[in-house]
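These are my notebook entries on what I looked up, written down in the order in which I went through the chains.

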Amino acid sequence: MFDDFMVRAALAGIGLAFASAPLGCFVVWRRMAYFGDATAHAAILGVALSLAFSMSIFVGTVVVALLMALVVSVLSEKGYAMDTLLGVLAHSALAFGLVAVSFLSGIRIDLMAYLFGDILAVSRGDLSVIWGGAAFVVSLIGWRWSGLLTSTLNADLAYANGINPKREQLVLTIALAITVAVAIKVVGVLLIAAMLIIPAAAARPMSRTPEGMAIAAGLIGMLSTIIGLQAAYALDTPAGPSIVCVTAITFIFTSFLKLLGHRR
Amino acid sequence: MSLIHVEGLSVSYGARMALSDVSLRIEPNEIVTIVGPNGSGKTSLLRAIIGAVKPLAGSIVHASNLKIGYVPQKLHIDETLPITVSRFLRLPGGLADVDYALKQAGVPELEKEQLSQLSGGQFQRVLLARALIGKPDLLLLDEATQGLDQRGSASFYQQIETVRKATGCAILMISHELHVVMSASDRVICLNGHVCCEGAPAAVASAPEYRALFGTGTGGALALYRHEHDHDHGDHCHNQDAE
């Protein structure tokens, strides 16, 4: 069954939804939406560097995405406004990445593939990278869940419980970098942040607990992948963006239901 | 043995000294209140005790197996984070006696409510319940009645007194409400970057250092804040009695 490109694409998208659901919830709760963007943009620089030094693209993107995430964490502690900092770093990382790519003579890469991803071109090897990464990210977040949640609620409350919120922030940063690195080939840089945030946001109106929200976000992400791929096949539309469109429609739907619920 | 023994504690944020050479002890079963103007290092002292800031100098010794319950100054729950009161109380421990804690805090009916839907008074009670859930030996309260009206805060402090009677825990709290403090505390510590004066409420209220900080008109009990920004230890605390 792995021979069918549609099956491989669906499995890749489901793996990504699996990892980005709990992670996306934390990104939303901690108001780090642009953090995902910044890390994803930095990944383009990682792609360029990997090609220049003929390393694996996975390693290059993980390293650069991690560095980016660490720089943001450190500078924000030094008192820079978070949104300014992320704006500066996200766009400059993308620009430096694009410039760096242009220096690579003799190598022609399809940058569009990294910007928008090509979920239909996923190979068996890619699948194992995605599922390996997703399993790692989900176990990491599952393992630190209570600590992460407590530090998200309040840093001092975490300290009083013997939890170091800076360490938890680092856990989140690492998970984000790995997710970006495994996802870059599937949905591409520009759509990673969307897959992180939109399923989580769509899950919010129907959740009563943090755990429920993470599970709902996962289900929405997975279903959107399957429906999005089918729609792309039927309508001959680009696959990655079609998936994101389905998550966005889900978001509108759940928000609307919530509004109706309030009226009653 | 003291629950907490703070010796020569100094805390700084960059170049700004928040606390210098602060020493104090908290004994079992006593209610100690910290008063002091804004920026006098009250919150920094509590944060140092829970380990959220590293001291520049000095030591903080906890009694062995000391369990601390902490009620922060304010807690903003992001609207995007769905969480019920009982799930909040179970963090991060997992197993916990939610019923017991909510009863102690006087709000047994809130267990299934969403945290973001609570009123200010209910929210403070839930924070108190969370601090009590580990059956602490010492309860730290950082301006726990901020944003509550007079009735709300009076009933909150009554609850604290009830909690102490029921559990025998010691309480170290920061408060701006001097009239409440004066009636509810065993001991008052007047802080302004350093310990200005301390002792029984009546003794502190008549101390010249305290009057220098909080004014004299009402005998200290209902003082308005007269806050000297360019506070200097020697001058302020010992020479300006007549202010």
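I began with L141(B) and found that it stands opposite M173(B), which belongs to β7(B). I keep in mind throughout that this is a predicted model.

I then looked up the two strands concerned, and strand β6 (residues 138-142) of chain B runs parallel to strand β7 (residues 170-174) of chain B, with 5 bridges joining them.

Next I traced the whole sheet of chain B, which is open and has 6 strands in the order β5-β6-β7-β3-β8-β9, with mixed pairing. I noted that β5 (68-71) and β9 (195-199) of chain B each have a single partner strand, so one side of each is left without a neighbour in the sheet. From one strand to the next, the twist averages 15°.

I also checked which helices pack on this sheet. Helix α1 (residues 42-50) of chain B touches β3, β5, β6, β7 and β8 of chain B, and its direction makes about 145° with that of β6(B). Helix α4 (residues 120-132) of chain B touches β5 and β6 of chain B, and its direction makes about 165° with that of β5(B).

Turning to the two chains together, I found 22 residues of chain A in contact with 19 residues of chain B. On the chain A side, α1 (5-29), α6, α7 (155-160) and α10 (210-235) each supply at least two residues, and by class that side has 11 nonpolar, 7 polar and 4 charged residues.

Last, I looked up G132(A), which lies in helix α6 (residues 124-153) of chain A.

Key. Residues numbered from 1 in each chain as written. Chains lettered and ligands numbered in written order. Predicted model: local features only at pLDDT ≥ 70, side-chain atom pairs only at ≥ 80, totals over all residues. Helix = DSSP H or I, 4+ residues; strand = E, 2+ residues; numbered from the N terminus. Contact = placed C-beta atoms within 7 Å. Nonpolar A, V, L, I, M, F, W, Y, C, P; charged D, E, K, R; others polar. Pairing = 2+ DSSP bridges. Axes fitted to C-alpha atoms, helices over the stretch in contact; angles between N-to-C directions.
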